[in-house]
Amino acid sequence: MTEKGTPAVDTFQRVEDKYAMTAEQAREVIRRCGEYIQKDRFFRYPVYSIYCDSDGADLAIRSLMKTGYKAKLRLRSYGDPDHSPIFLETKKKWGDIVYKKRIMLEEQEAYEYLRNGRKHHVHNNTAGEIDYMIRTRDLKPKVFIAYDRICYSAVNEDDVRITFDMNIRYRLNDLDLHENGSEKKLDSAEVMMEVKAMNRYPMWLTKILSDMKLYQSSFSKYGTIYSQNRNEMCRAPESTGRYASVYTEKENILCSVQY
């Protein structure tokens, strides 16, 4: 993963577009891309995440709404968490642009912070923003999500990466970054392709997607899991959406300098 070996703080923005497809379609996309792509340095790896939310699942509900602003907070490992960096990151989307910020923590201190509010060792603007988000929205670990990813990068466009996520699984209890065998398979598309680019799609990719009649999807792994487990994940339905209108403007002000 390009995420390995990165510094403790990482801030970036890019376009991220998703395409739901079958495994056969995914193989055909890779075949047609042919000479334009190459296996990424970290080509095949699992992704493990813990998504945080309020008792009313406000962030999950927001992710399913057709609005201009969405936000997520997650703990993530790109590979075995015993041997890979652990990131606590925010992911916010304004229109078509995704903004990500993250800090790198030790696994146990991340759990203590998210479960018990015990302070961690990172002190900077991103850590402060994450702390503010957790306190104002009363966020806590909500669901474990894992999937297998293969990743390609464009040969002549340094900013273009194409990932394929498959075998998406999750659990709602015993929330740490390790699989324990109790995970459920997510009932959704076989493969979720994601195009990650800083500026624009290359013409060859646009043509391939058009020829195959593949269109962008608003699919959210976390949002879909919430939809299928609403009663268990939302213990305070009356709170639906109440944070979005109150805190969006202030968060935008807090984040505008780094963005």
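The largest cavity of the predicted model holds about 140 Å³ of space. A cavity is a set of points on a 1 Å grid over the protein atoms alone where a 1.4 Å probe fits but cannot get out, whereas a pocket is an open set with protein on both sides within 12 Å along at least five of seven lines. Grid points are joined across faces, edges and corners, and a volume is the space filled by probe spheres set on the points. Rolling a probe the size of a water molecule over the atoms shows where empty space is left. The model is predicted, with local features needing pLDDT of at least 70 and side-chain atom pairs pLDDT 80 or more, while totals for chains, interfaces and linings use all residues. Residues are numbered from 1 along each chain as its sequence is written, and side-chain values use heavy atoms, with hydrogens and water left out.

The search of the whole structure returned two cavities of 30 Å³ or more. The largest cavity is lined by 17 residues, of which R74, R76, K91, Y147 and E194 are the closest to its centre; a lining residue has an atom within 4 Å of a point. Two or more lining residues come from each of β1 (9-21), β3, β6, β9 (191-197) and α6 (221-228), and β3 provides the largest share, four residues. Helices (H or I, at least four residues) and strands (E, at least two) are DSSP runs, numbered from the N terminus. By class, this lining comprises 13 charged residues, four nonpolar and no polar ones. Asp, Glu, Lys and Arg count as charged, Ala, Val, Leu, Ile, Met, Phe, Trp, Tyr, Cys and Pro as nonpolar, and the others, Gly among them, as polar.

The largest pocket has a volume of about 450 Å³. Its lining consists of 24 residues, with E16, K18, K70, K93 and S218 the closest to the centre. Strands β1, β3 and β4 (86-94) each supply at least two of the lining residues, and β3 gives the most, four. The lining of the largest pocket contains 11 charged, eight polar and five nonpolar residues. For the second largest pocket, the volume is about 190 Å³. Of its 13 lining residues, S153, D158, D159, V160 and R161 are the closest to the centre, and β1, β2 and β6 are the elements that give two or more. Seven charged, four nonpolar and two polar residues make up the lining of the second largest pocket.

The protein as a whole contains eight helices and nine strands. Of its 259 residues, 54% count as buried, that is, under 20% relative accessible area, with exposed meaning over 50% and partly exposed in between (1.4 Å probe, protein chains only). Among contacts (heavy atoms within 4.5 Å) between residues at least 6 apart in sequence, 73% join residues at least 24 apart.

Eight aromatic pairs are present in the structure. Rings of Phe, Tyr and Trp (its six-membered ring) pair if their centres lie within 6.5 Å; planes under 30 degrees apart count as stacked, over 60 as edge-to-face and the rest as tilted. F43 and Y152 form an edge-to-face pair, at 5.3 Å centre to centre and 75° between the planes. Because F43 lies in strand β2 (residues 37-53) and Y152 in strand β6 (residues 140-154), this pair ties together parts that are 109 residues apart in sequence. Both F43 and Y152 are buried. A further edge-to-face pair joins Y45 and Y78, at 6.5 Å centre to centre and 65° between the planes. Y45 belongs to strand β2 and Y78 to strand β3 (residues 69-78), so the pair links distant parts of the chain, 33 residues apart. Y45 counts as buried at 4% relative accessibility, and Y78 is buried with a relative accessible area of 4%. F43 and Y152 also form one aromatic cluster with F164.

K39 lies over the face of F43, 4.7 Å from the ring centre. The charged end of R102 sits over the ring of F87, 4.1 Å from its centre.

K221, in helix α6, counts as buried at 7% relative accessibility. Not counting residues up to four places away in sequence, K221 touches I145, Y147, D165, I168 and L186. R62 lies in helix α2 (residues 58-64) and is buried, with a relative accessible area of 18%. The C-alpha atoms of R62 and G223 are separated by 8.5 Å, although these residues are 161 apart along the chain.

Terms used:
A charge sits over a ring if NZ of Lys or CZ of Arg is within 6 Å of the ring centre and within 35 degrees of the ring normal.
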